[in-house]
Amino acid sequence: MGCAGSSQTKAEGTAKKIRKPKAWKHPQPITKSQLIQLREEFWDTAPHYGGTKEIWDALRAAAEADLTLAQAIVDSAGIIVQNPDLTVCFDERAGARYELPKYVLSEPKNLIRSS
């Protein structure tokens with residue numbers, strides 16, 4: 001029994017831990033509403049780039065969640081994380097590649113905050 005527990009822990013240790021993307025800048029300063037619009041447009045068109053709707057839905061849920069929940073979503077959906085910031089992932093069943101732009105994962109440094 002001890003062996004099963006230790007091999008499980010070893011397997012968990014090899015999975016990449018999710019983290020937020022490094023600080024980044026949008027080409028022009030952008031408002032929160034413009035950022036939300038960009039995100040909506042991406043998620044509306046993402047399934048047309050290939051992969052499955054279920055994985056895209058899981059990636060969106062992970063992108064919009066805190067890091068702990070995002071890790072659980074990715075692990076349970078069978079998503080292989082190539083880059084810990086979720087910018088490049090794969091579906092472990094089909095092997096499809098999923099690329100997420102940083103603007104769906106975090107806010108830019110030059111976000112215009114309304115006062």
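Student: What should I know about the model before we start?
Tutor: It is predicted, so local features need pLDDT of at least 70 and side-chain atom pairs count only at pLDDT 80 or more, while totals for chains, interfaces and linings use all residues. Residues are numbered from 1 along each chain as its sequence is written, and side-chain values use heavy atoms, with hydrogens and water left out.

Student: Which residues of H3 are buried?
Tutor: Ile 55, Trp 56, Ala 58, Leu 59, Ala 62 and Ala 63 are buried, meaning under 20% relative accessible area with a 1.4 Å probe, protein chains only. They lie on the same side of H3, because they cover an arc of only 160° around the axis, taken from the directions from the helix axis to the C-beta atoms.

Student: And which exposed residues are on the face turned away?
Tutor: That face carries Lys 53, Glu 54 and Glu 64; exposed means over 50%.

Student: What does Trp 56 touch?
Tutor: Not counting residues up to four places away in sequence, Trp 56 touches, among others, Phe 42, Trp 43, Pro 47, Tyr 98 and Leu 100. Contact here means heavy atoms within 4.5 Å.

Student: Changing topic, where does Thr 87 lie?
Tutor: Thr 87 lies in the loop between S2 and S3.

Student: Why does Thr 87 count as buried?
Tutor: Thr 87 counts as buried because its relative accessibility is 13%.

Student: Which residues is Thr 87 in contact with?
Tutor: Leaving aside neighbours within four places in sequence, Thr 87 is in contact with Tyr 98, Glu 99, Leu 100, Lys 102 and Leu 105.

Conventions:
Helices (H or I, at least four residues) and strands (E, at least two) are DSSP runs, numbered from the N terminus.
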